[in-house]
Amino acid sequence: MIKAFSPNMNSDIKNKTMLEQIKCAIENKNIISHFQPIINNQTNEIEKYESLVRLINENNEVLLPNLFLGISKASNIYCEITKQVLENSFLILQENQGISISINLSMSDIENEEIQNTILFFLDKHSELGKRIIFELLEDERIINFKVISRFIYSIKKREVRIAIDDFGSGYSNFERIFRLAPDIIKIDGSIIGGLENNNYSRDLIESLVYFSKKQGIKTIGEWVESESTYTILRNIGVDYSQGYYFGKPAALKISKN
């Protein structure tokens, strides 16, 4: 049985110890994925899942990414975490028909030749899965080499993969990113969704984004949906999909042979 992890249990852990735990988890294939449902606002059915990385340590505790990703990025093992997330996600896609999986990629992932080669290897090996894969480009990092990013996007779109801009409306996210990255999906940041019920500015902003997106043929997803009232507003505005604790927390997804 995997036990729930309390951050207080390891609040004083040192980076060196955590790095050892990360290496151990990689070696033992204990970098796992939990999946959060994404709901089609028209059908009210689960249509996609977002793949979210987790780490199981030697005490069988599930660690959230904020506890280990930063440390792994400062070392040479972050690439191995990304590769295991890709493996997890492709396995779920192979064994579960009728769903799509959204996989997070940082700009440093895309600029890493080894990661790019791994992604293209999986896509070519499982060419039938491309249309059910979405890569979410994380908006917490600046694009360092746009030519590399552009070539990557071109190569995976040829394989029917869709691109999403994550957390639109926060950090470095802006309309310039839309013009340059030509996404298929825009995920509206939770900081905007959270104030939707009592903030006309948030509502007006989302309405403007939805109008623009529909004109461009881009789908929209509202993140951090935690109540029925927020969900209802998003549907009425015309947001295509919703994701958040109201529908389900990230959890292990059972393999279901169809």
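Of the contacts in the protein chain with a separation of 6 or more, 69% are between residues 24 or more positions apart. The model is a predicted one, and its protein chain comprises ten helices and nine strands. Of the 258 residues in the chain, 50% are buried.

When residues up to four places away in sequence are not counted, Ile 22 touches Leu 55, Phe 68, Ile 71, Ser 72, Ile 77 and Ile 81.

Two packed helices are described by the angle between their axes and the distance between the axes. Helix H5 (residues 113-125) and helix H6 (residues 146-157) pack at an angle of about 10 degrees, and their axes are 11 Å apart. Because angles under 35 degrees count as roughly parallel, H5 and H6 are roughly parallel to each other. On the H5 side, the contact is made by Gln 116, Ile 119, Leu 120 and Leu 123, and on the H6 side by Val 148, Phe 152, Ser 155 and Ile 156. These residues divide into six nonpolar, two polar and no charged.

Thr 82 is found in helix H3. With a relative accessible area of 8%, Thr 82 is buried, because buried means under 20%. The side chain of Thr 82 is joined to that of Asp 109 by a polar contact of 3.0 Å. Leaving aside neighbours within four places in sequence, Thr 82 is in contact with Asp 109, and also with Leu 105 and Ile 115. Thr 82 and Ser 106 are 24 residues apart in sequence, and their C-alpha atoms are 9.6 Å apart in space.

Ser 202 lies in helix H9, which covers residues 200-216. The relative accessible area of Ser 202 is 6%, and this residue is therefore buried. A polar atom of the Ser 202 side chain lies 3.5 Å from the backbone oxygen of Ile 192. Apart from neighbours within four places in sequence, Ser 202 is in contact with Ile 192, Gly 195 and Leu 196.

Key: Residues numbered from 1 in each chain as written. Predicted model: local features only at pLDDT ≥ 70, side-chain atom pairs only at ≥ 80, totals over all residues. Heavy atoms only, no water. Helix = DSSP H or I, 4+ residues; strand = E, 2+ residues; numbered from the N terminus. Buried < 20%, exposed > 50% of the residue type's maximum accessible area, 1.4 Å probe, protein only. Polar contact = N/O pair within 3.5 Å; in protein donor to acceptor, adjacent residues only side chain to side chain. Contact = heavy atoms within 4.5 Å. Axes fitted to C-alpha atoms, helices over the stretch in contact; angles between N-to-C directions. Parallel < 35°, antiparallel > 145°, perpendicular 65-115°, else oblique. Nonpolar A, V, L, I, M, F, W, Y, C, P; charged D, E, K, R; others polar.
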